[in-house]
Structure formats: C-alpha cells, structure tokens
Amino acid sequence: MAREPHALWIPAACRLGGTDGRCGAGLEEHRDPPYHVARPSDLGCQSRGHEGHGMTSIRFLSPSLIRCRRSHVPVQETPMRFPFMLCLVLIAVLPTSAQERRPSAETFAALVDRAAKDHGFSGAVIVAKGKDILYRGGVGLADGEWRGRNGPQTKFRLASLTKAFTAAMIMKLVDAGAVELDAPLTRYLDWYRRDTGDRVTIRNLLNHTSGIPSFTAQPSYESLKRRRIDVRKFAQAHCSGDLEFEPGSRFKYDNSGYFLLGVVIEEVTGKLYEVALDEALFSPLGMFSTGYDHGRADIPRRAKGYVPVAGTRVGADFIDMSVPFAAGALYSTVDDMLRWGRALLRGKVVSEASAREMFTPALQSYGFGWAIDTHAVDRATPVRTIHHAGGIDGFATCIYLLPDLDAVVVVLSNVMDGMAPRFARQLARKVAGLEPRLPKRPMRERVWTRVHRGDVEGALRLVKDLPRRERGGFGLAAVYSAAKVLVGAGQLDAAAAVLRFAERRYPDSRNVPALLRRITKSGDRGIQFVEQMDVLPGPAVWSEAVHPIDIDGDGRLDLLFANCNGWHRPGDMAAPNAKPLRPTLLMNEGSENGVPRFKDVSADVFPEDLAMHAKNAAVCDVNGDGHSDVVFAVAFGGRPRLLLWEESKKRFVDATASHLPDVKLNANGVGFGDLDDDGDLDLVFADSGPKSDREPGGRARLFLNDGKGHFTEAADRFPSEPKVGAQNAKILDIDGDLDLDVVVDGKSRVTQLYINDGKGRFELDTKTIPMADRGGQPYEIEWADLDGDGDLDAVHMNWGGGRRQRYRNVVLKNLLVESGRLAFEVVEDALDLRNNEDENEFAFLDADDDGDLDLVTATLLATPGSEKLYLNSGTIGSGFLRLSKHAFSELVDGTLDLCIADFDGDGARDVVTAQGESDRFESFHNRYYKNMGPRDTRPPRIIGLRVTNAGKGMIVKAMVRDDVADDGESRLKVWVTWSGEAAGFSGSGSNPMTYMGGGLYRGVVPPGVILRGADASRVRVHAEDAAGNQSVR
C-alpha cells in the first residue's frame, strides 16, 4: 500500500481537539490504535492522509543514526545525546532561543489553572527538565465524597501507561537470557493454542502486530470487565481468538497481547506479575507509590474515577482490575512517574541493546510499550518524543519524554474526558519553547453551566448558536440518557435541571416529563439503593444465601455467603462444575467515603478442607459463649455442617462430627430458635428428600440443643410429614403466645405450620395457612407485620402460575388481632405490579422511614431491574404495596437471596444480594446497594412481654421487632431492668437479654428480687437499634 511521505503519524493523545474528546490509548477505548494522521491544524502545515496511510518514512543508517524522509523538512543526521536512544526518531535541531528559554513555574501554574477553569481538568501534573522540576501540583478533587484534593502524591490508575512497565519487564528478562524476542509465544505458554501461538512472537505482542483479537473489542467486554478473573483461564478464553492477520504484517492496538505478556512474565519468573515488577522495577527505582491496583481499601490517597455527564460528573463504572492486568492495571503518582521517566532517559532501566529495541519504531511508529515519532508541534520545529496515553473507566493519563531536552511531562487525571492527553501535549509544547494552544472553553460546557444554574432560556439560546455538528450532544436521546445516568448516580437535582431543559427544548416528549415527575414527586425519591460495584471481593461463584455476621465483634457487620454448585443436582444449570464449594466470609474493614470496604478472609477463618453444597445458613450462638457460630443447610444428600467460632484462634472449627447427628439430608433451609423454652438455640432443617426437591419423601427435622451446642434429633416432639420441595424452615411466633412456632414452605401447594404447645412439643396444621393456586411455584413465604396491628402477615412468593403462566404473589393478612383467632385472608391484588419474574427472595424494611414495613424483592430471571422496592401504604388492601420505580440501580442479575443491614454505619439499611443459578451469566457477582434514603429514626417495637417465676429468678420474655424483617434475624440490643425489694431492702439492676430467634428475647431477673402486685410493673424491657433509637416497655 502506497505511503504519502508528507503525512506524519501522531498519537491521538496529542490531538488539539476531536469530535468525541476521548483518549485513544485508554483501556476504555482500546478498540482503535492510539494514533491518527496529523491534520493541518495539528501540524501547522499542509498534510493529508487516512487511517493506514501517511506514515513517516524512516530508514536506519547505523546504530547511531536514523534518516527520515519528509517532503518539506530537510534531512538531518545528528548523533543522539543519550547512547541508548541511538535509533529513536527524526533528529530535530531546536532553535537556540527555544533551547535557552526555561518557562517559569508560574507559567505552568497558569496553564494548569486555565485547564481546570475552562475545561474542568482534574488531576495531577509534573513537568521536569534536566534536574529541575518546573511544575509539580494538582487541581480538583481526588474524591468528591470526602473532598480530598488531587496532588503529587495522589494515586491514579495508569491505564495503558502500564504497557511500558510490562514491556520493560520483558526486556529485563531478555537481558537475563530468559526470554527471546523472536521466540514463539508457545515456548513460554505451552498450554496456548499451537496453531496460532507458534506463529506469534514476543516481538509481535510488544509492538501490536500479533493479529490476536483484543479482548476489549469483544461484545461481552462491558459485562466481562466487572468480573474477578483467573489470569490463565482468561487468557485461554478471551486472548486466544483466531488471528485477524498474519503476525508482523499489520499494526492493530491490542490489549490481549499485553495481557499475554503479563502471563509470560509470571510463567518465566514463577512470580505474580505485580511481585516481579516490584522486585525488578518499582523498588530499585524508588517507586514506592506504584503498584497493582486490586481495588483494595488499604491504598491511601487513591483517587476515585469520574466521567463527565451533562456538565457534571458521576462515578465511573466499576472494572475489576484483574481484567486489565498487564495491559492497564497499575497505579502510580506523578512523582513516581517522574522517577520512571528520568530512569528511562538515563538508561537505568534496561541494557543499551534492550533500550534500542524498545525505542525502535515499527509499524505506525510504535515500539515496545511506547509511541515514538516526530511530534510536529510546529511547522519549523519538529521535536523528538517518546510518549503514551491511557484511559480506563474514570481515568485518563499521558506521559511525554523529550530526550533532546532531557524533559519529562506527566499528566494523570481522575476524569475520563480526553483532557489529560491533550493538555499533556500543550505542556510538552511549552517545554520545547513553543506557545501552547489550549482552546477556549467549549460552548457546550457553557450551555450546561446555564442549565444547572436554572437559566433554561439562556441555555437554549446558546444551543442555537452551536455549530450543527455539535448539536447532537443536545438531542433528545442524548439529554434523556444523561438524565437517567444522573438519576442512577443519585444526583437528582442535576437530573431535574437537565430534564427541565429537555422539557423546554422537546415539548412533545412524553418520557421527559414522566421522569421529571418521578424524581421530583414527594414520596418517590428515585434511585434510593445505588449499587457500589467495587465493594464486594471474593470468588465469583454460585451463592445461594447471604447473611450479616459480626465475626470479629468490632460492631461492623461482615458478610457470610453460602455457596453451592447446582440446583437439583451438583453441576446442573449454570454451575461450572459439580465440585462442592467453600463458603465466603467478607470482613468489614470500615467505611471509606461512605462505602464499606470488605476483605475476603475465607481462607483465614474456615478450615482448609471445608467444602460443601450449602443452600443456606443460620448465624447464631449455639454454645452460649457470646460468639456467632454458623450452621449450614447442605443439599444433595450431604450432612449438615456446624462451625463453632474459637475466639482464641480467631477462626472456625468444624464441630459437625462431635455436635450434630449423623444424618444425610437434601436440606434447602435451616432455622434456629429456642423451641423448647430452655434458654438455648435449637435447629430445624427443611429437607426436600433423599434425591431431589421434586421427589416426595423429605420432611422437616428438629434438633434440640443441650445448652453446649450438642444436638440430638427429637422426632417424638415434632410429628413432621413429607413435604415435596421443602425450601425453608421459618421460626416465628405466629399465634402471639411468646412461644416459637415453625413454618415449612416450598415448592408445593401445602404450607406446613407446626404449633408449639409452649413446652417444645408441636402439632402439625396444614389448613390454617391457605394453599397456593394449583400450578403455582410457591418458593417461600416471608413474614412481617405489614399493617402495624401486632400480628404477623405474609407475602407468598410465586403463589400462582408456573413457568407457562404468569407468576403471581399474594399477601396473607393475619386476622389474629382482629378476630381473636389465627386465620388468614388472601389479598391477591396487593402488589402493584403484573409480574412474571420468578422472585426468589422477599425481605422487609421501612425504606421511607414512615413507620410501616416496605417490601424488597429479588428476581432470578435476569431482567432489567432485578431488585425492586414496594412502598407500604400502611393498610392492607388492593394495591397497598406500590412499586417505587427505579428505586434500585437497574441491573440484569440472577438473584437468589438478599440481606438488609446497615453496613456503612450511616443509620440507613443497605442491601446485599447473592447471585447464582441463572444460565445467563458466565459467572456470578454478588451486589452491594448503598441506601441513599433517610436514616432510621423509628425505635424498635416491643410487642409482647411476659414475666414468669422460674425458681432461679424470673424469666422475662419479650417479642421485639425492628424496622427490618429478614429471615428472623435481629441485631438489636435488648436488656431488662428492675426495681423491687430484695431481702428486706430496695434494689434495682439490669441484665442483657439474649436473642432466641423469631424476634423473641429472653432475660433473667436474678433470685432474691421480690416482685409482688404493683411491684411487678417495675420490670422494664429496653430495646435499641443500630441507629441508636430506643424504646421501653
């Protein structure tokens, strides 16, 4: 293909402007190479060219000289100043005046201020020439939530600047004789496909000529980037496609190539990529603020990434940093990047021969991890540059090395708007003694400024003055989409301003006023539960259940996930295999910027060989030592598991063999509570049967506790009958007598109710709770006092329909208080939604803090908006549970369970979901939703109170309910106080009350305190929730 010798290839990072303003070399925009043909406006000369054309003609004359042919630039041959750069690019002699001028720090400060004021630049900058630092500073906020400012020590994600480090590490291995540039990839990755890997060399990977398709160009990349990956498996699945061209014949920017180079580094060194780089590069060069960004909370001064939306900014999409790997996963500071640049300029990184290889431009002027060209910043003054730009969700970066001036320019930004690379180019011009060309503030930004100030008419006038090509950003679809993004980010005021502008500009739109009414209408606060996508670490496995647990007793709630590989049998549905799984425990390490940070401590706290198909778990203190233990319901003929917490070892021990009966169950659920009124916690398992939950034969099993955590089965007390598809064993006081009853529900029409006689003996009732419709798929019944009358109502999940019909959910209104007898009324049209979404979990909380319990639902069928909120009107009836549209960030998920608790300590209950089963996902990713709504101001309700003389003091029992009802779990602080006569003198005191399951608390008034007649009223029960709200009865 003919080349046009008068056109130069220029990095896209160096463009003065562009139609989209994006950075071409970033991970987010990796589908295209980071270059474009220089335009006359860029070069100050006549030039033309198209993609794939116009590359400068370069011919090497000797190890120390190169020759460049350009139609209107004289050929010059000059030895290079630095011995390792003998084959860089066109030698350019700067005018003497340009070499002598040294811009002042004030000059650069003024440029940074202008970039921030006119273009919204946010980030850190460093400019150095020789030994002098001409500018070092930062502007803007590193994190908009905690208001920390950017500075030289702020850590930014480097995006594709990572590639230079990967390339340097490969060349270090070349220097050591461990890697050969022209060896095939399969020499180092013997598991890689040989039909392509035998043809691709390490050199091809380094200079983007391998022909391997880039994983960032795959249609699935947007979902793929959210998942924690295994490097080798990812390389095999996503970096091994059929070659797009013969290796070495073409250039195509390729993240897969650099991902594979990272794998080569690990295979050759036997070390993790990050460890190899730290030992060979970061530590020797003193780059102690540089490393691999795992998204951990323990990286201080780390910036948060943002993207511009309609004149404001929102947090960038989450990306699991295991995905970019060696192509873009490092972080650093401008100080460290200056050390890096100077080390390269001074030949301190690799050998001279390796440096010559790195900085020799191949196709499209790309070397190894660097763009190398004549950066034509002026018609008469070409300047030799080595540079690269990067972009990854929320970050834009750029570095320039000017070897003839011994200069380094670094710009790191936490806003991905394309400004960082353009600004870096102008700073490089200034270093070279040329005037920078920062454009004026874009008119579109002036439009948005007026919009957010409420000057809609002024904004409309400015839009009319825009060139036609720039009006597209103010089209109806673009403006409405921007408003939806702002709503999703919780920026409702900004979204309302944008919608008011759209309403005036497009008066015929129906969607705009509808969305505006929704987010401005009182009682509907828009997005209340906003997903925080970088919160939950841990393996992406099939999670059946999630429970809060404070395992370390620090007052912060941790998370326990019960994991399972299968639905009816091991390995079915979307399970990757049939292997049993270890549960996951995420430790809450405290909140940062209003969001909790969790650490996966599963390997530290669980026995090494612990693995099972766990369908659910119960978090409770079974041996009375004050610490939470865990009981797992195990499916597929497995034995239930009991893990006791050993405080001295800070880990669980498996006490199954010594503490549980030797029974094999297909248990889908387990409930706990003091069922025999002896002060310890007993267990009930919902068993579906010996083979499958679709076959008869399973029955509920009662295990009684001896007070020390040893359990025996009590079949004589619990006359259970077979229950097809039993799913859950719910422990609750359904008849209001302060004794705990048992409800066993699941995938058959009849729900079993076991009524407690108060002494731990049960009678089966199959008629009181109404049967589901024929053909229904009744997964579960969730219980809560929905109308505030003191008894427990219920929502029956998937009451009617089936997979060929429409699922229906109904409310069961308890008539106990109203009629004096236990009975239920079916309210079929209570939910304001025609749903067909296979809900798998319900839970309740007072989301709007109005005193009644609202409903949260979680859906399996992977539809947009998998989680939903229904607001309670307070009176059970038709449509009394009203759908609050878009209350959750709209995600397409397959949710099996959820839990509700205040994980970040702000007084508002957050939501965590467990993902599994759905075959629409390659892997499963649990979700954390931060509650942006009102904090909890409602005290707990003490429903019932009973004091009985037990001989060894008095037993006090109280039913206490909070504004959360979620599988019988409770996190209240409850205590009893008294004042009476003891041995002839007056006294008073208090004792803590212990949670007995099902909302029931039990406490003791010690012996010697005599309460008679009116004195008995001097016993008080106090309750306090996590937000500090208290009640007393």
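## Starting at glutamate 457

Glutamate 457 has a relative accessibility of 38%, which places this residue in the partly exposed class. The model we are looking at is predicted, and in it glutamate 457 makes a salt bridge with arginine 504. The closest N and O atoms of this pair are 2.5 Å apart. Because glutamate 457 sits in helix 15 (residues 456-465) and arginine 504 in helix 17 (residues 492-505), the bridge ties together parts that are 47 residues apart in sequence. What about the partner's surroundings? Arginine 504 is partly exposed as well, with a relative accessible area of 43%.

## A buried pair between two strands

Next, let's turn to glutamate 544 and lysine 615, whose side chains meet in a salt bridge at 3.0 Å, N to O. This pair links distant parts of the chain, 71 residues apart: glutamate 544 belongs to strand 19 (residues 543-549) and lysine 615 to strand 23 (residues 614-620). Are these two residues buried or exposed? Both glutamate 544 and lysine 615 are buried, and buried here means under 20% relative accessible area.

## Other charged partners

Side chains of opposite charge can pair when their charged atoms come close. Aspartate 554 and arginine 556 give another example, with a salt bridge of 3.1 Å from N to O. Aspartate 554 has a relative accessible area of 32% and is therefore partly exposed. Arginine 556, at 35%, also counts as partly exposed.

Salt bridges can also be followed through a group of residues in this model: Asp674, Asp677, Asp739, Arg946, Lys957 and Arg1002 are linked in a network. How many salt bridges are there by the rule used here? The count comes to 44.

## Where helix 4 meets helix 9

Now for a helix pair. Helix 4 (residues 162-175) and helix 9 (residues 255-269) have axes that come within 10 Å and cross at roughly 40°. That angle makes helix 4 oblique to helix 9, and their crossing is left-handed.

Conventions
Residues numbered from 1 in each chain as written. Predicted model: local features only at pLDDT ≥ 70, side-chain atom pairs only at ≥ 80, totals over all residues. Heavy atoms only, no water. Salt bridge = Lys/Arg side-chain N within 4 Å of Asp/Glu carboxyl O. Helix = DSSP H or I, 4+ residues; strand = E, 2+ residues; numbered from the N terminus. Buried < 20%, exposed > 50% of the residue type's maximum accessible area, 1.4 Å probe, protein only. Axes fitted to C-alpha atoms, helices over the stretch in contact; angles between N-to-C directions. Parallel < 35°, antiparallel > 145°, perpendicular 65-115°, else oblique. Left-handed = near helix turned anticlockwise from the far one by under 90°.
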